[in-house]
Every structure is written in C-alpha cells, then in structure tokens.
Amino acid sequence: MPRNNNEPPAVRVYTICDESRYLIVRNVPAIGCGDDLLKLFASYGDIEECKPMDAEDCEQFTDVYWIKFRLVSNARFAKRKLDRFVFFGNRLDVSYAPQFESLADTKDKLESRRKEVLARLNPGRSKMHTSQTSVVLNEASLVAAPSQSNFISEQITSKQRDSSESQDIAHSQITRVSSNKDYFASHSMNETVRLVRGKLNKIESSAEHLQGGPPSKKTRVDNRRRI
C-alpha cells in the first residue's frame, strides 16, 4: 500500500545514548522457554545475565526478559537480527534499556564509540601503525642477521678444520708394505699375490707410457727409383 504524501516518513533514529548492552525482550511465549531464548541471543555474543521481568506489564500468555550483554556491539547486532523474529509462533519485540546502565557502563560505551568513529575517519592511521610495526621488526631481524651469519661461518670453519685433521690422521695411518714379503702361510697364496702384483705393475707402467704421449713416427726413406 503506497504511503500518503502528507504523512511523515516512519523513520526511527538511534544515537549512542539510546543504544545499550541491556536489552528488554517482550512478547516471549509464556511456556517456560527461557533457556531457548538464552541460547538464541547467546549466538550473537557473550551474555552476562538473562532473567525474566515479572513486574513488567505484558500481554496475556507472554513474558518479558531482561538480557545483559558483555559488549554493546553484540547487543546491537542481536537487536538488529532478532527484532520482529518469530520465536515459538510469536514475534519478539527487542528494545534497548539504557536506564539500567551505571556511570561506568555509559563511560565505556561512549569511549568505545569514540574509538570506532576515529578508526572510520582515519583509516590510514591503523595502516601506518601496522607498517611502522613491520619496519621495527625488519630492523630487529637485520640487527640479528650479522650475529647469526658470524655464528654460521664459525661453524663452517670448525667443520672444515675437523675434516682436515681427520684426513691428516688417515694419511698418517696408511703404511706401505713390501711386495716381496710373504704374508700367508701357504706358498700358493703368496705366489698368487705376486702374480697379481706383477700384473698391476704392468698396467701402471703402460698407463704411464700412454700418458707420456704417442711415440714419434720414424721417417720413412723413399728408395724408389726416379725415372
């Protein structure tokens, strides 16, 4: 149905003073569903207290509940989502209750709102703070890097020193044995060792001969008769 032009628009405006972490929920079915109502609202934030308001005037077969959230933002979110929400066949009527606030509650509410407004007005400030923090961390890592590199270089030098010492010990432990000495009690075993050593010596001498380069070719004398 279109709205008449002479009628003022139905606009409801809330300020930070009207908002509160205290909520009053009306039109709750009087069937003992307080625990279900608590679970429903607790899905939108931490709840410190939830209790029925028996002294509050309400319609027949309905109850009124008083809910205290831990944060104002959670209460705001719950009111936006659950106002006019169908709960066991009844539409809930959720409203703020700033009259239950203490002086400390009002102070915290205004301070948190001030921080939210500043964060929205200066979005680059938070980014600058994060960038400064990252720069500080990078400088700290750069300061720590030389000491780590020195430690790594010292470890590499010590490992190289240990390996060279082990190689020197291994070379000193190597002993040369005579090829003419008999090391076995059996004469046949000693003869076999001599034959193998002789073949190895021939192979070594031929290899040295090849390394020396191919022998120079003799100049051929041409004895053919010329006509």
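Mentor: Two residues are in contact when heavy atoms of theirs lie within 4.5 Å. Please keep in mind that this is a predicted model.

Trainee: With which residues is Phe41 in contact, leaving aside its neighbours within four places in sequence?

Mentor: Phe41 is in contact with Leu23, Val25, Ile47, Ile67, Phe69, Ala78, Leu82, Leu92 and Val94.

Trainee: How many residues has the largest nonpolar core, and which have the most contacts inside it?

Mentor: In soluble globular proteins, nonpolar side chains tend to be buried together. Here the largest nonpolar core has 17 residues, and those with the most contacts inside it are Leu23, Val25, Val28, Leu37, Phe41 and Leu92. At least two residues of this core come from each of β1 (22-29), α1 (34-42), β3 (62-69), α2 and β6 (93-96). Another core, of six residues, lies apart from it and includes Tyr22, Ile24, Trp66 and Ala97.

Trainee: Is Ser20 buried or exposed?

Mentor: Ser20 is placed in the segment before β1. Ser20 counts as buried because its relative accessibility is 0%, and the cut-off for buried is under 20%. The side chain of Ser20 makes a polar contact with the side chain of Glu101 at 2.8 Å, and also reaches the backbone nitrogen of Tyr22 at 3.1 Å.

Trainee: How much space lies in the largest pocket?

Mentor: Rolling a probe the size of a water molecule over the atoms shows where empty space is left. In this model, about 220 Å³ of space lies in the largest pocket. Of the 14 residues that line the largest pocket, Leu71, Val72, Asp108, Lys109 and Ser112 are the closest to its centre. The lining comprises three nonpolar, two polar and nine charged residues, and α3 gives the most to it, with six residues.

Notes
Residues numbered from 1 in each chain as written. Predicted model: local features only at pLDDT ≥ 70, side-chain atom pairs only at ≥ 80, totals over all residues. Heavy atoms only, no water. 1 Å grid on protein atoms, 1.4 Å probe; cavity = no way out; pocket = protein on both sides within 12 Å on 5 of 7 lines; lining within 4 Å. Points joined across faces, edges and corners; volume = space filled by probe spheres on them. Helix = DSSP H or I, 4+ residues; strand = E, 2+ residues; numbered from the N terminus. Nonpolar A, V, L, I, M, F, W, Y, C, P; charged D, E, K, R; others polar. Core = buried A, V, L, I, M, F, W, Y, C linked by side-chain atoms within 4.5 Å. Buried < 20%, exposed > 50% of the residue type's maximum accessible area, 1.4 Å probe, protein only. Polar contact = N/O pair within 3.5 Å; in protein donor to acceptor, adjacent residues only side chain to side chain.
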